[in-house]
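Here are some notes to go with your first look at this structure. Keep it open beside you as you read.

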Amino acid sequence: MTQVLIVEDEAIVAESIASKLRRYGYEVIDTIPTGEEAVEKAGKSRPDVILMDIHLAGKMDGIQAADRISGQYHIPVIFLTAYADEQTIARAKEAGPFGYLVKPFRERDLYVTIEMARERSRLEAELEAANRELDSFSYSVSHDLRAPLIAIDGFSRILQETYAGYLPPDGIECINRIRQASNQMDHLIEDFLRLSRVTRAPIQVIPLDISQISREILGQMAAGEPERRVSWKVEEGLHGFGDAGLVEIALKNLLGNAWKYTGHTDEAKIQVGSMMQGQNRVFFVKDNGAGFPSEKANLLFIPLQRLHSHQEFPGNGIGLATVQRIIHRHGGRIWAEGAVGEGATFFFTLPDESG
Amino acid sequence: MPTVLIVDDEELDRKVLHSILLSAGYEVVGTARSGEEGIMLFQTLHPDLVTIDLMMPEMNGMDVLNRLMKEDNKVKALICTAAHSDPVVDLAMRSGAKGYIIKPFQARSLLQTIKGVVGEPDPTRMNVWNF
């Protein structure tokens, strides 16, 4: 039987809710008047659902109590309150409630809200367990795959450095190939791990200066390859909202691609700018490099799909998949336009404001 | 008293190893979060012993060991790794490591390995820190 804890400082109201719940077949394990006691009781008896009044008798109000409870235990909290003003709702939202019922409410709504809350709580717990499993899986995969690779590379290196005199040139070339291949796979594993982290790391959305970040990245790339001659133009005042770390990874990948794929282009040009599409600001990164067949634009974001050979342009096909996940996690969109030999343009959107 | 530099990208592993070494009476002169940082600290601190985690992003433990061997071929280094039979252990020994430490860390066996490489810790410093 579903166990419900009621937190309500008016005894008559509490009793009336309790009797309604009993009629629907719920077990009311207790009715409690203060937030402090509610936190304690939640920990001790672990009810399936908590119905929480916002204005309570003690120092701690219902929102604070719910915040504590959801921080410590996996118990869904539903707010029951006579208040529906913007400020209270905004505060209540922060506590991540599983429902918000404004008094007076209908019995049927109470029942539906409780059932939905239980279902959502169950799904969330399942998802969290799956994510934990995935985390430990990718951790052990990376370790178990990388250790033999380190051994392959290390022993090849010993062959190369210590026994080079015993090998004909062709043998030495074979060892070079072994080392190249194992390094390539090592990078691939690392990029895969980064991709899986990008998908699940919590994001914190803050205002960002896209122009500034882009200029810094381009500056670093120019410093890393001083022999390249690339001219770039970054529109001033590009502002968006996003997670600083993730958006920087996305821009590094997009600008890194623009940099890479203009490697065989005379007068390489990279442009970072924006345009309005309806109500939305769309950012873009444009280059005049190798480009891609326009009918294959949708393949660009699939992991491991590459439209150029490794000899022509090195890479492992994870970068754009990572960028797409980052933009999607922000609720944004990303797409590309291009043609062979005429360069590529990547468009993306970010949230207009935080939250 | 023997001085130790810890090179490990995992914060928890750094803390655990640090506290085991401290409570045994070794002096941990530095902890590095990456191979690059480890090489930099090695050059300035000149520790008696370096423990190097094998699995680190960018620069793995073998890369760090090879660099340290180039700097100073008498360096006393231990590789920290997750498996005994790993071919990496053999590789590390051939490449100049003085031994290896198995992860997850176990105080008794790792202290024995370390004692074999750099000698007894300072007995007056033992158990100063109780974590």
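How many helices and strands does chain B have? Numbered points follow.

1. Chain B has five helices and five strands, where helices (H or I, at least four residues) and strands (E, at least two) are DSSP runs, numbered from the N terminus. Along the sequence they go β-α-β-α-β-α-β-α-β-α.

2. Some ground rules. This is a predicted model, in which local features need pLDDT of at least 70 and side-chain atom pairs count only at pLDDT 80 or more, while totals for chains, interfaces and linings use all residues. Residues are numbered from 1 along each chain as its sequence is written, and chains are lettered from A, with ligands numbered from 1, in the order in which they are written.

3. The chain B strands make an open sheet in the order S2-S1-S3-S4-S5, with parallel pairing; strands pair if DSSP finds at least two bridges between them. S2 (27-32) and S5 (99-102) of chain B are the edge strands, each pairing on one side only. Neighbours in this sheet are turned by 25° against each other on average, direction ignored.

4. Look at S4 (77-81) of chain B: four bridges join it to S5(B) in parallel. Ile79(B) has Tyr100(B) as its bridge partner there. Helix H5 (107-118) of chain B packs on the sheet, touching S3, S4 and S5 of chain B, and its direction makes about 165° with that of S5(B). Such angles run from 0 to 180 degrees between N-to-C directions, with axes fitted to C-alpha atoms, for helices over the stretch in contact.

5. Ile79(B) and Ala92(B) are among the residues that touch the most other members of the largest nonpolar core, which has 37 residues. A core here is a set of buried Ala, Val, Leu, Ile, Met, Phe, Trp, Tyr and Cys residues joined through C-beta atoms within 7 Å; buried means 20 or more other C-beta atoms within 10 Å of a residue's own, with C-beta atoms placed from the backbone. Apart from that core lies another, of 36 residues, including Leu300(A) and Phe346(A).

6. Over in chain A, five strands form an open sheet in the order S7-S9-S10-S12-S11, with mixed pairing. S7 (230-234) and S11 (334-338) of chain A each have a single partner strand, so one side of each lacks a neighbour in the sheet.

7. S10 (280-287) and S12 (344-348) of chain A pair antiparallel over four bridges, and Phe284(A) stands opposite Phe347(A). Helix H8 (244-261) of chain A packs on this sheet, at about 30° to S10(A).

Definitions and conventions: A residue is buried if 20 or more other C-beta atoms lie within 10 Å of its own, exposed if 12 or fewer, and partly exposed in between; C-beta atoms are placed from the backbone. Two residues are in contact if their C-beta atoms, placed from the backbone, lie within 7 Å.
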